[in-house]
Amino acid sequence: MTEFRVWAPKPELVRLDVEGEVHPMTRSDDGWWHASVDAAPDARYGYLLDDDPTVLPDPRSPRQPDGVHARSQLWDPAAARWTDTDWPGRAVEGAVIYELHLGTFTGEGTFDAAIEKLDYLVDLGIDFVELMPVNSFAGTHGWGYDGVLWYSVHEPYGGPDGLVRFVDACHAKGLGVLIDAVFNHLGPSGNYLPKFGPYLSSASNPWGEGINIADADSDEVRRYIIGCALRWMRDFHADGLRLDAVHALVDTTAIHILEEMATETDWLSQQLGRPLSLIAESDLNDPRLITVRDRGGYGLTGQWADDIHHAIHTAVSGERQGYYGDFGSLATLAQTLRHGYFHAATYSSFRHRRHGRPLDASSIPATRLVAYTCTHDQVGNRALGDRPSQNLTGGQLAVKAALVLGSPYTAMLFMGEEYGASTPFQFFSSHPEPELAEATRKGRKAEFAEHGWDADDIPDPQDPETFRRSKLDWDEIDTGEHARLHRLYRDLIALRHNDADLADPWLGNLTVDYDEDERWLVMQRGRLRIVCNLGAEPVKVPVSGDVVLGWGEPTADGDSTLLGGHSFAILRRG
(Lines give C-alpha, C1' and ligand atoms only; values in the text may rest on other atoms or scores of the structure.)
Protein backbone atom coordinates (compact mmCIF):
# COMPACT_ATOMS: atom_id res chain seq x y z
CA MET A 1 0.00 0.00 0.00
CA THR A 2 1.14 3.54 -0.79
CA GLU A 3 0.10 6.38 1.49
CA PHE A 4 -0.90 9.57 -0.31
CA ARG A 5 -1.04 12.83 1.67
CA VAL A 6 -1.85 16.34 0.56
CA TRP A 7 -2.37 19.57 2.48
CA ALA A 8 -5.57 21.11 1.10
CA PRO A 9 -7.47 23.16 3.71
CA LYS A 10 -9.35 25.18 1.08
CA PRO A 11 -11.57 22.60 -0.73
CA GLU A 12 -14.43 20.81 0.99
CA LEU A 13 -13.70 17.56 -0.83
CA VAL A 14 -10.47 16.02 -2.11
CA ARG A 15 -10.29 12.76 -4.04
CA LEU A 16 -7.26 10.83 -5.23
CA ASP A 17 -6.85 9.74 -8.86
CA VAL A 18 -4.37 6.91 -9.45
CA GLU A 19 -4.00 5.85 -13.08
CA GLY A 20 -7.57 7.00 -13.79
CA GLU A 21 -9.17 5.27 -10.80
CA VAL A 22 -10.68 7.63 -8.22
CA HIS A 23 -10.35 6.95 -4.48
CA PRO A 24 -11.86 8.79 -1.48
CA MET A 25 -9.60 10.63 0.97
CA THR A 26 -10.02 11.38 4.67
CA ARG A 27 -9.45 14.85 6.06
CA SER A 28 -7.69 15.56 9.36
CA ASP A 29 -8.34 18.62 11.49
CA ASP A 30 -5.08 20.18 10.30
CA GLY A 31 -6.19 20.31 6.67
CA TRP A 32 -4.25 17.23 5.53
CA TRP A 33 -6.04 14.59 3.44
CA HIS A 34 -4.98 10.92 3.51
CA ALA A 35 -5.54 7.74 1.54
CA SER A 36 -3.72 4.40 1.34
CA VAL A 37 -3.97 2.74 -2.08
CA ASP A 38 -2.26 -0.05 -3.96
CA ALA A 39 -0.11 1.68 -6.58
CA ALA A 40 2.81 0.74 -8.79
CA PRO A 41 6.17 2.38 -7.89
CA ASP A 42 5.89 4.58 -10.98
CA ALA A 43 2.14 5.18 -10.93
CA ARG A 44 0.76 8.47 -12.20
CA TYR A 45 -1.62 10.23 -9.84
CA GLY A 46 -3.23 13.53 -8.96
CA TYR A 47 -6.01 15.16 -6.97
CA LEU A 48 -9.59 16.18 -7.69
CA LEU A 49 -10.77 19.20 -5.69
CA ASP A 50 -14.48 19.60 -4.92
CA ASP A 51 -16.54 19.10 -8.10
CA ASP A 52 -13.82 20.17 -10.54
CA PRO A 53 -13.11 17.26 -12.93
CA THR A 54 -9.55 18.44 -13.59
CA VAL A 55 -6.89 16.17 -12.07
CA LEU A 56 -4.27 18.43 -10.51
CA PRO A 57 -0.63 17.51 -9.83
CA ASP A 58 0.59 16.97 -6.28
CA PRO A 59 2.01 20.19 -4.74
CA ARG A 60 4.85 17.99 -3.47
CA SER A 61 5.09 16.05 -6.71
CA PRO A 62 8.28 13.94 -6.90
CA ARG A 63 8.14 13.79 -10.70
CA GLN A 64 6.30 15.44 -13.63
CA PRO A 65 7.09 13.34 -16.71
CA ASP A 66 4.38 15.02 -18.83
CA GLY A 67 4.81 18.61 -17.70
CA VAL A 68 3.47 20.80 -14.92
CA HIS A 69 -0.16 20.62 -16.05
CA ALA A 70 -0.32 16.82 -16.01
CA ARG A 71 -0.52 14.10 -13.38
CA SER A 72 2.36 13.54 -11.02
CA GLN A 73 4.35 10.31 -10.91
CA LEU A 74 5.61 8.41 -7.91
CA TRP A 75 9.39 8.40 -7.51
CA ASP A 76 11.11 6.85 -4.49
CA PRO A 77 14.40 8.54 -3.54
CA ALA A 78 15.33 5.47 -1.51
CA ALA A 79 15.50 3.47 -4.74
CA ALA A 80 18.04 5.82 -6.35
CA ARG A 81 21.44 4.32 -7.09
CA TRP A 82 24.22 6.25 -5.37
CA THR A 83 27.96 5.58 -5.26
CA ASP A 84 28.93 8.60 -3.16
CA THR A 85 28.69 7.02 0.28
CA ASP A 86 32.30 8.06 0.98
CA TRP A 87 31.73 11.67 -0.11
CA PRO A 88 32.83 13.79 2.87
CA GLY A 89 31.41 17.00 1.50
CA ARG A 90 33.34 20.24 1.39
CA ALA A 91 33.01 23.72 2.81
CA VAL A 92 31.93 26.41 0.37
CA GLU A 93 33.66 29.32 2.13
CA GLY A 94 36.71 30.37 0.13
CA ALA A 95 35.89 27.95 -2.70
CA VAL A 96 35.57 28.59 -6.44
CA ILE A 97 32.00 28.13 -7.69
CA TYR A 98 30.93 27.66 -11.30
CA GLU A 99 27.37 28.80 -12.07
CA LEU A 100 25.78 27.11 -15.06
CA HIS A 101 22.46 26.81 -16.83
CA LEU A 102 21.79 23.16 -17.60
CA GLY A 103 19.96 23.82 -20.86
CA THR A 104 22.68 25.95 -22.46
CA PHE A 105 25.83 24.53 -20.86
CA THR A 106 25.90 21.82 -23.55
CA GLY A 107 24.29 21.35 -26.93
CA GLU A 108 22.06 18.59 -25.58
CA GLY A 109 21.09 20.54 -22.47
CA THR A 110 20.80 17.53 -20.15
CA PHE A 111 22.33 16.27 -16.91
CA ASP A 112 24.00 13.40 -18.75
CA ALA A 113 25.60 15.75 -21.28
CA ALA A 114 26.84 17.99 -18.47
CA ILE A 115 28.50 14.97 -16.82
CA GLU A 116 30.75 14.73 -19.88
CA LYS A 117 32.12 18.21 -19.08
CA LEU A 118 32.99 17.57 -15.43
CA ASP A 119 36.63 16.68 -16.17
CA TYR A 120 36.95 20.08 -17.82
CA LEU A 121 35.69 21.79 -14.65
CA VAL A 122 38.05 19.76 -12.48
CA ASP A 123 40.98 20.70 -14.71
CA LEU A 124 39.94 24.35 -14.44
CA GLY A 125 40.12 24.08 -10.65
CA ILE A 126 36.43 24.41 -9.82
CA ASP A 127 35.27 23.32 -6.35
CA PHE A 128 31.48 23.63 -6.68
CA VAL A 129 29.01 23.50 -9.53
CA GLU A 130 26.02 25.77 -8.98
CA LEU A 131 22.98 24.79 -11.06
CA MET A 132 20.48 27.45 -12.03
CA PRO A 133 16.99 26.22 -11.03
CA VAL A 134 16.21 22.67 -12.09
CA ASN A 135 12.74 22.44 -10.57
CA SER A 136 9.77 21.84 -12.86
CA PHE A 137 8.48 24.76 -14.91
CA ALA A 138 6.13 25.11 -17.88
CA GLY A 139 7.53 24.56 -21.34
CA THR A 140 10.68 22.84 -22.48
CA HIS A 141 13.30 25.53 -21.86
CA GLY A 142 13.69 28.64 -19.75
CA TRP A 143 15.83 30.10 -17.01
CA GLY A 144 13.91 28.09 -14.39
CA TYR A 145 12.91 30.97 -12.12
CA ASP A 146 9.23 30.53 -13.00
CA GLY A 147 8.96 27.11 -11.37
CA VAL A 148 5.63 25.94 -10.01
CA LEU A 149 6.33 22.43 -8.67
CA TRP A 150 9.34 22.99 -6.46
CA TYR A 151 9.79 19.37 -5.35
CA SER A 152 10.18 17.85 -8.82
CA VAL A 153 13.04 18.05 -11.34
CA HIS A 154 12.53 19.50 -14.82
CA GLU A 155 11.96 16.50 -17.04
CA PRO A 156 13.68 17.75 -20.24
CA TYR A 157 16.92 17.97 -18.24
CA GLY A 158 16.63 14.30 -17.29
CA GLY A 159 14.19 14.34 -14.38
CA PRO A 160 15.07 13.16 -10.87
CA ASP A 161 17.13 10.19 -12.06
CA GLY A 162 19.23 12.50 -14.22
CA LEU A 163 19.91 14.79 -11.28
CA VAL A 164 20.94 11.78 -9.17
CA ARG A 165 23.42 10.71 -11.85
CA PHE A 166 24.79 14.25 -12.14
CA VAL A 167 25.32 14.84 -8.42
CA ASP A 168 26.79 11.35 -8.01
CA ALA A 169 29.24 11.98 -10.87
CA CYS A 170 30.23 15.38 -9.42
CA HIS A 171 30.98 13.85 -6.04
CA ALA A 172 33.03 11.10 -7.68
CA LYS A 173 35.26 13.83 -9.12
CA GLY A 174 35.48 15.87 -5.92
CA LEU A 175 33.01 18.55 -7.01
CA GLY A 176 30.35 19.86 -4.67
CA VAL A 177 26.90 20.75 -6.02
CA LEU A 178 24.76 23.77 -5.17
CA ILE A 179 21.20 24.13 -6.46
CA ASP A 180 19.49 27.46 -7.08
CA ALA A 181 16.15 27.43 -5.24
CA VAL A 182 13.39 30.00 -5.79
CA PHE A 183 11.04 30.43 -2.83
CA ASN A 184 9.94 34.05 -3.31
CA HIS A 185 7.34 33.58 -6.07
CA LEU A 186 5.69 31.02 -8.34
CA GLY A 187 5.62 30.95 -12.12
CA PRO A 188 2.60 32.14 -14.14
CA SER A 189 1.90 28.79 -15.82
CA GLY A 190 0.89 25.68 -13.89
CA ASN A 191 0.54 27.28 -10.46
CA TYR A 192 -2.32 25.31 -8.92
CA LEU A 193 -1.23 25.77 -5.31
CA PRO A 194 -3.84 28.47 -4.49
CA LYS A 195 -6.55 25.91 -5.23
CA PHE A 196 -5.22 23.73 -2.41
CA GLY A 197 -4.53 26.30 0.29
CA PRO A 198 -3.33 29.80 1.26
CA TYR A 199 0.08 29.60 -0.40
CA LEU A 200 0.05 33.22 -1.58
CA SER A 201 0.14 36.40 0.48
CA SER A 202 -1.20 39.89 -0.02
CA ALA A 203 2.34 41.10 -0.63
CA SER A 204 3.81 41.18 -4.12
CA ASN A 205 7.22 41.51 -5.74
CA PRO A 206 8.45 42.26 -9.27
CA TRP A 207 7.78 38.68 -10.35
CA GLY A 208 4.24 38.22 -9.06
CA GLU A 209 2.31 37.54 -5.88
CA GLY A 210 4.36 36.88 -2.76
CA ILE A 211 4.45 33.65 -0.80
CA ASN A 212 2.50 33.41 2.46
CA ILE A 213 5.19 32.97 5.09
CA ALA A 214 3.80 35.28 7.75
CA ASP A 215 0.04 35.66 7.29
CA ALA A 216 -2.73 33.42 8.64
CA ASP A 217 -2.24 29.70 8.06
CA SER A 218 1.36 30.25 6.97
CA ASP A 219 2.90 27.55 9.16
CA GLU A 220 2.29 24.78 6.62
CA VAL A 221 3.50 27.01 3.78
CA ARG A 222 6.74 27.55 5.66
CA ARG A 223 7.03 23.77 6.12
CA TYR A 224 6.43 23.39 2.38
CA ILE A 225 9.36 25.72 1.65
CA ILE A 226 11.77 24.33 4.22
CA GLY A 227 10.81 20.76 3.33
CA CYS A 228 11.71 21.50 -0.29
CA ALA A 229 15.06 22.99 0.71
CA LEU A 230 15.92 19.94 2.80
CA ARG A 231 14.77 17.58 0.02
CA TRP A 232 17.42 18.87 -2.41
CA MET A 233 20.14 18.20 0.15
CA ARG A 234 18.77 14.97 1.62
CA ASP A 235 17.21 13.13 -1.35
CA PHE A 236 19.46 14.49 -4.09
CA HIS A 237 22.66 14.81 -2.01
CA ALA A 238 23.17 18.47 -2.96
CA ASP A 239 25.82 20.21 -0.86
CA GLY A 240 23.79 23.37 -0.46
CA LEU A 241 21.47 25.89 -2.03
CA ARG A 242 21.63 29.32 -3.57
CA LEU A 243 18.48 31.09 -2.34
CA ASP A 244 17.04 33.43 -4.95
CA ALA A 245 16.24 37.05 -4.03
CA VAL A 246 15.63 36.54 -0.33
CA HIS A 247 14.83 40.25 0.07
CA ALA A 248 11.48 39.36 -1.56
CA LEU A 249 10.59 37.00 1.30
CA VAL A 250 8.30 39.18 3.41
CA ASP A 251 8.48 37.68 6.89
CA THR A 252 7.20 39.65 9.89
CA THR A 253 7.43 36.76 12.35
CA ALA A 254 9.91 36.76 15.22
CA ILE A 255 11.89 33.88 13.71
CA HIS A 256 12.64 34.70 10.09
CA ILE A 257 12.18 31.80 7.70
CA LEU A 258 15.85 32.08 6.67
CA GLU A 259 16.94 31.58 10.27
CA GLU A 260 14.57 28.62 10.58
CA MET A 261 15.86 27.14 7.33
CA ALA A 262 19.47 27.61 8.41
CA THR A 263 18.79 25.92 11.75
CA GLU A 264 17.23 22.88 10.08
CA THR A 265 19.97 22.75 7.46
CA ASP A 266 22.57 22.65 10.21
CA TRP A 267 20.64 19.83 11.87
CA LEU A 268 20.53 17.89 8.58
CA SER A 269 24.25 18.51 8.14
CA GLN A 270 24.91 16.87 11.48
CA GLN A 271 22.71 13.91 10.58
CA LEU A 272 24.44 13.41 7.23
CA GLY A 273 27.93 14.05 8.56
CA ARG A 274 28.93 16.50 5.83
CA PRO A 275 28.84 20.31 5.37
CA LEU A 276 25.71 21.89 3.92
CA SER A 277 25.62 25.52 2.78
CA LEU A 278 22.96 28.16 2.22
CA ILE A 279 23.98 31.14 0.08
CA ALA A 280 21.55 34.02 -0.26
CA GLU A 281 21.04 36.42 -3.10
CA SER A 282 20.09 39.62 -1.35
CA ASP A 283 19.72 43.27 -2.35
CA LEU A 284 19.79 44.47 1.25
CA ASN A 285 23.50 44.63 2.18
CA ASP A 286 22.34 43.30 5.54
CA PRO A 287 25.06 41.46 7.49
CA ARG A 288 22.44 39.73 9.64
CA LEU A 289 22.07 37.16 6.88
CA ILE A 290 25.62 35.90 7.39
CA THR A 291 25.98 36.64 11.09
CA VAL A 292 25.93 33.56 13.33
CA ARG A 293 22.68 32.96 15.19
CA ASP A 294 24.10 33.28 18.68
CA ARG A 295 24.97 36.88 17.76
CA GLY A 296 21.51 37.72 16.46
CA GLY A 297 21.99 36.72 12.82
CA TYR A 298 20.26 34.21 10.57
CA GLY A 299 23.30 31.98 10.29
CA LEU A 300 23.46 31.57 6.50
CA THR A 301 26.76 30.41 5.04
CA GLY A 302 27.16 33.16 2.48
CA GLN A 303 25.67 35.93 0.40
CA TRP A 304 26.13 37.15 -3.16
CA ALA A 305 27.94 40.51 -3.11
CA ASP A 306 26.64 42.67 -5.93
CA ASP A 307 28.54 45.74 -4.71
CA ILE A 308 31.83 43.96 -5.41
CA HIS A 309 30.66 43.13 -8.92
CA HIS A 310 29.43 46.67 -9.52
CA ALA A 311 32.66 48.23 -8.27
CA ILE A 312 34.89 45.99 -10.39
CA HIS A 313 32.75 46.08 -13.53
CA THR A 314 32.27 49.84 -13.62
CA ALA A 315 35.91 50.62 -12.85
CA VAL A 316 37.03 48.36 -15.71
CA SER A 317 34.28 48.97 -18.28
CA GLY A 318 33.26 52.57 -17.61
CA GLU A 319 29.54 51.73 -17.56
CA ARG A 320 27.64 53.97 -15.16
CA GLN A 321 23.94 53.59 -16.00
CA GLY A 322 21.19 52.53 -13.58
CA TYR A 323 22.37 50.92 -10.36
CA TYR A 324 25.98 51.43 -11.50
CA GLY A 325 25.60 55.17 -10.90
CA ASP A 326 27.43 55.30 -7.56
CA PHE A 327 30.31 53.15 -8.81
CA GLY A 328 33.13 53.59 -11.29
CA SER A 329 35.96 55.30 -9.45
CA LEU A 330 39.01 53.50 -8.11
CA ALA A 331 38.23 55.01 -4.71
CA THR A 332 34.89 53.21 -4.76
CA LEU A 333 36.54 50.00 -5.92
CA ALA A 334 39.16 50.19 -3.17
CA GLN A 335 36.55 50.85 -0.48
CA THR A 336 34.40 47.95 -1.66
CA LEU A 337 37.31 45.52 -1.82
CA ARG A 338 38.29 46.49 1.72
CA HIS A 339 34.80 46.39 3.27
CA GLY A 340 32.68 44.00 1.19
CA TYR A 341 29.75 46.41 0.97
CA PHE A 342 30.01 49.84 -0.63
CA HIS A 343 26.55 50.91 0.47
CA ALA A 344 26.69 50.49 4.24
CA ALA A 345 24.15 52.92 5.74
CA THR A 346 25.14 55.32 2.95
CA TYR A 347 23.06 57.17 0.37
CA SER A 348 22.22 55.25 -2.81
CA SER A 349 21.45 57.54 -5.73
CA PHE A 350 19.75 54.68 -7.58
CA ARG A 351 17.37 54.03 -4.67
CA HIS A 352 17.14 57.67 -3.58
CA ARG A 353 17.64 56.69 0.03
CA ARG A 354 20.14 55.37 2.55
CA HIS A 355 21.00 51.73 1.95
CA GLY A 356 22.79 48.87 3.68
CA ARG A 357 24.57 48.43 6.97
CA PRO A 358 28.30 48.09 7.73
CA LEU A 359 29.72 44.59 7.87
CA ASP A 360 31.74 43.79 11.00
CA ALA A 361 34.95 42.54 9.41
CA SER A 362 36.33 41.50 12.81
CA SER A 363 33.69 38.80 13.25
CA ILE A 364 32.49 38.02 9.71
CA PRO A 365 35.15 36.55 7.41
CA ALA A 366 35.29 37.78 3.83
CA THR A 367 34.61 34.25 2.61
CA ARG A 368 30.95 34.66 3.56
CA LEU A 369 30.58 37.06 0.63
CA VAL A 370 30.58 35.66 -2.91
CA ALA A 371 32.38 37.79 -5.51
CA TYR A 372 32.12 37.50 -9.29
CA THR A 373 32.86 39.31 -12.54
CA CYS A 374 29.39 38.39 -13.86
CA THR A 375 26.40 36.16 -13.15
CA HIS A 376 23.40 34.95 -15.13
CA ASP A 377 21.63 38.13 -13.94
CA GLN A 378 24.42 40.51 -14.88
CA VAL A 379 24.46 39.05 -18.40
CA GLY A 380 20.97 37.79 -19.12
CA ASN A 381 19.16 40.83 -17.77
CA ARG A 382 20.95 43.12 -20.18
CA ALA A 383 18.85 44.04 -23.20
CA LEU A 384 20.83 41.87 -25.61
CA GLY A 385 22.18 39.34 -23.12
CA ASP A 386 25.69 40.39 -24.08
CA ARG A 387 28.61 39.18 -22.00
CA PRO A 388 31.52 41.37 -20.84
CA SER A 389 33.65 39.44 -23.35
CA GLN A 390 31.58 40.93 -26.16
CA ASN A 391 32.43 44.49 -25.11
CA LEU A 392 35.79 44.42 -23.30
CA THR A 393 39.34 43.59 -24.31
CA GLY A 394 41.08 40.43 -23.18
CA GLY A 395 43.16 42.54 -20.83
CA GLN A 396 40.10 44.06 -19.20
CA LEU A 397 38.62 40.62 -18.68
CA ALA A 398 41.92 39.49 -17.19
CA VAL A 399 41.98 42.41 -14.73
CA LYS A 400 38.45 41.57 -13.56
CA ALA A 401 39.41 37.92 -13.10
CA ALA A 402 42.54 38.82 -11.12
CA LEU A 403 40.60 41.07 -8.75
CA VAL A 404 37.93 38.45 -8.04
CA LEU A 405 40.14 35.37 -7.86
CA GLY A 406 42.86 37.25 -6.01
CA SER A 407 40.42 38.59 -3.44
CA PRO A 408 39.68 37.02 -0.04
CA TYR A 409 36.04 36.51 -0.99
CA THR A 410 34.49 33.23 -2.09
CA ALA A 411 34.73 33.37 -5.88
CA MET A 412 32.18 32.46 -8.53
CA LEU A 413 32.39 32.19 -12.31
CA PHE A 414 29.48 32.22 -14.75
CA MET A 415 29.77 29.51 -17.39
CA GLY A 416 31.92 30.55 -20.32
CA GLU A 417 33.55 33.58 -18.74
CA GLU A 418 36.75 31.60 -18.19
CA TYR A 419 37.43 31.61 -21.93
CA GLY A 420 35.64 34.83 -22.90
CA ALA A 421 32.71 33.09 -24.58
CA SER A 422 31.42 35.03 -27.57
CA THR A 423 27.93 33.54 -27.28
CA PRO A 424 25.37 35.69 -25.44
CA PHE A 425 23.21 34.51 -22.58
CA GLN A 426 19.82 35.95 -23.39
CA PHE A 427 16.48 35.79 -21.65
CA PHE A 428 14.47 32.91 -23.12
CA SER A 429 11.22 31.15 -22.31
CA SER A 430 8.85 28.60 -23.84
CA HIS A 431 5.47 29.34 -22.33
CA PRO A 432 2.95 27.01 -24.02
CA GLU A 433 0.00 29.42 -23.57
CA PRO A 434 -0.21 31.88 -26.52
CA GLU A 435 -1.45 34.74 -24.35
CA LEU A 436 1.34 34.34 -21.81
CA ALA A 437 3.93 33.95 -24.56
CA GLU A 438 2.79 37.18 -26.20
CA ALA A 439 2.71 39.04 -22.88
CA THR A 440 6.27 37.92 -22.12
CA ARG A 441 7.41 38.97 -25.59
CA LYS A 442 5.80 42.41 -25.40
CA GLY A 443 6.86 43.00 -21.81
CA ARG A 444 10.50 42.32 -22.55
CA LYS A 445 10.54 44.69 -25.50
CA ALA A 446 8.64 47.42 -23.66
CA GLU A 447 10.95 47.22 -20.63
CA PHE A 448 14.06 48.03 -22.62
CA ALA A 449 12.37 50.39 -25.06
CA GLU A 450 11.76 52.63 -22.03
CA HIS A 451 15.54 52.77 -21.56
CA GLY A 452 16.22 53.86 -25.13
CA TRP A 453 16.67 50.52 -26.91
CA ASP A 454 15.05 49.92 -30.27
CA ALA A 455 12.31 47.38 -29.56
CA ASP A 456 13.18 45.55 -32.77
CA ASP A 457 16.67 44.85 -31.42
CA ILE A 458 15.42 43.07 -28.29
CA PRO A 459 15.58 39.27 -28.72
CA ASP A 460 12.23 37.53 -28.69
CA PRO A 461 12.33 35.33 -25.56
CA GLN A 462 9.83 32.90 -27.10
CA ASP A 463 11.83 32.40 -30.28
CA PRO A 464 13.62 29.01 -29.98
CA GLU A 465 16.61 30.61 -31.71
CA THR A 466 17.08 32.89 -28.67
CA PHE A 467 17.57 29.76 -26.59
CA ARG A 468 19.86 28.08 -29.12
CA ARG A 469 21.91 31.24 -29.52
CA SER A 470 22.64 31.20 -25.78
CA LYS A 471 24.31 27.79 -25.77
CA LEU A 472 28.05 27.72 -25.15
CA ASP A 473 30.32 27.14 -28.14
CA TRP A 474 32.85 24.68 -26.76
CA ASP A 475 34.97 24.83 -29.92
CA GLU A 476 36.10 28.35 -28.96
CA ILE A 477 38.14 27.29 -25.95
CA ASP A 478 41.23 26.19 -27.87
CA THR A 479 41.36 29.16 -30.25
CA GLY A 480 43.32 32.42 -30.03
CA GLU A 481 42.47 34.82 -27.25
CA HIS A 482 39.92 32.37 -25.83
CA ALA A 483 42.65 29.82 -25.15
CA ARG A 484 44.89 32.48 -23.62
CA LEU A 485 42.17 33.67 -21.24
CA HIS A 486 41.31 30.07 -20.34
CA ARG A 487 44.93 29.39 -19.37
CA LEU A 488 44.95 32.53 -17.24
CA TYR A 489 41.82 31.51 -15.35
CA ARG A 490 43.27 28.07 -14.72
CA ASP A 491 46.52 29.59 -13.44
CA LEU A 492 44.71 32.13 -11.24
CA ILE A 493 42.55 29.44 -9.66
CA ALA A 494 45.59 27.21 -9.08
CA LEU A 495 47.40 30.10 -7.39
CA ARG A 496 44.34 30.80 -5.27
CA HIS A 497 44.21 27.18 -4.15
CA ASN A 498 47.91 26.73 -3.48
CA ASP A 499 49.24 30.02 -2.12
CA ALA A 500 48.91 30.47 1.64
CA ASP A 501 48.74 34.27 1.34
CA LEU A 502 45.50 33.98 -0.63
CA ALA A 503 43.92 31.75 2.02
CA ASP A 504 43.56 34.52 4.62
CA PRO A 505 39.79 35.17 5.01
CA TRP A 506 40.00 38.38 7.06
CA LEU A 507 39.49 41.80 5.51
CA GLY A 508 41.50 43.43 8.27
CA ASN A 509 44.64 41.98 6.70
CA LEU A 510 43.91 43.33 3.20
CA THR A 511 45.22 46.67 1.96
CA VAL A 512 44.39 48.53 -1.24
CA ASP A 513 46.29 51.46 -2.79
CA TYR A 514 45.42 53.25 -5.99
CA ASP A 515 46.01 56.28 -8.19
CA GLU A 516 42.78 57.67 -9.64
CA ASP A 517 44.50 59.68 -12.35
CA GLU A 518 46.93 57.02 -13.56
CA ARG A 519 44.28 54.29 -13.20
CA TRP A 520 46.33 51.74 -11.25
CA LEU A 521 45.31 49.79 -8.17
CA VAL A 522 47.26 47.46 -5.87
CA MET A 523 45.52 44.90 -3.65
CA GLN A 524 47.97 43.41 -1.15
CA ARG A 525 47.46 40.09 0.59
CA GLY A 526 50.38 38.98 2.70
CA ARG A 527 53.47 38.88 0.51
CA LEU A 528 51.41 38.97 -2.69
CA ARG A 529 50.39 42.12 -4.52
CA ILE A 530 47.75 42.08 -7.25
CA VAL A 531 48.80 45.09 -9.33
CA CYS A 532 46.28 46.25 -11.96
CA ASN A 533 46.33 48.86 -14.71
CA LEU A 534 42.71 49.71 -15.49
CA GLY A 535 43.72 52.32 -18.05
CA ALA A 536 44.43 51.93 -21.77
CA GLU A 537 47.95 53.37 -21.58
CA PRO A 538 51.07 51.84 -19.99
CA VAL A 539 51.73 52.92 -16.42
CA LYS A 540 54.55 52.57 -13.90
CA VAL A 541 53.26 51.45 -10.49
CA PRO A 542 55.47 52.22 -7.47
CA VAL A 543 55.65 48.62 -6.17
CA SER A 544 57.90 45.76 -7.11
CA GLY A 545 58.58 42.08 -6.53
CA ASP A 546 58.94 38.79 -8.38
CA VAL A 547 56.31 38.33 -11.08
CA VAL A 548 54.23 35.26 -10.23
CA LEU A 549 51.52 35.67 -12.86
CA GLY A 550 50.31 38.37 -15.18
CA TRP A 551 48.64 39.48 -18.37
CA GLY A 552 50.78 41.21 -20.94
CA GLU A 553 54.47 41.60 -20.21
CA PRO A 554 54.82 43.22 -16.78
CA THR A 555 58.34 44.39 -15.96
CA ALA A 556 59.41 44.73 -12.34
CA ASP A 557 62.42 47.02 -12.08
CA GLY A 558 63.81 48.29 -8.80
CA ASP A 559 61.00 49.89 -6.83
CA SER A 560 58.36 49.93 -9.59
CA THR A 561 56.57 47.74 -12.10
CA LEU A 562 55.71 48.70 -15.65
CA LEU A 563 52.30 47.47 -16.80
CA GLY A 564 50.85 47.74 -20.28
CA GLY A 565 47.36 49.08 -20.83
CA HIS A 566 44.57 46.90 -19.42
CA SER A 567 46.84 44.41 -17.72
CA PHE A 568 47.87 43.11 -14.33
CA ALA A 569 50.71 41.39 -12.50
CA ILE A 570 50.78 39.38 -9.30
CA LEU A 571 54.03 40.13 -7.48
CA ARG A 572 55.64 38.39 -4.55
CA ARG A 573 57.78 40.35 -2.16
CA GLY A 574 61.09 38.78 -1.25
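1. Contact here means heavy atoms within 4.5 Å, and on that basis, in this predicted model, D244 touches Y145, D180, A181, V182, N184 and E281, leaving aside residues up to four places away in sequence. D244 lies in the loop between β15 (240-243) and α7 (257-272), and because its relative accessibility is 8% it counts as buried.

2. The UniProt record, an unreviewed entry, places the feature "active site" at D244 and E281. Although these positions are spread over 38 residues of sequence, they cluster in space, with a largest C-alpha distance of 5.3 Å.

3. E281 is found in the loop between β16 (277-280) and β17 (302-304), and this residue is also buried, with a relative accessible area of 11%.

4. Helix α4 (residues 159-172) reaches 20 Å from its first C-alpha to its last, close to the 20 Å expected for its 14 residues. Eleven of these 14 residues are buried, so α4 is largely enclosed by the rest of the structure; its buried residues pack against α2 (111-115), α3 (118-124), β9 (128-131), β11 (149-153), β12 (176-181) and α6 (219-234). The helix is followed by G174, whose phi is positive, near 85°.

5. An open sheet of four strands runs in the order β3-β2-β6-β7 with antiparallel pairing, and its edge strands, β3 (21-24) and β7 (72-73), each pair on one side only. Within this sheet, β2 (residues 14-18) and β6 (residues 44-49) pair over five bridges, with D17 standing opposite G46 in β6.

Notes: Residues are numbered from 1 along each chain as its sequence is written. This is a predicted model: local features need pLDDT of at least 70, side-chain atom pairs count only at pLDDT 80 or more; totals for chains, interfaces and linings use all residues. Side-chain values use heavy atoms; hydrogens and water are left out. Two strands pair if DSSP finds at least two bridges between them. Helices (H or I, at least four residues) and strands (E, at least two) are DSSP runs, numbered from the N terminus. The expected span of a helix is 1.5 Å times one less than its number of residues. Buried means under 20% relative accessible area, exposed over 50%, partly exposed in between (1.4 Å probe, protein chains only). UniProt positions are given in the numbering used here, feature names are shortened, and annotations may be inferred rather than shown by experiment.
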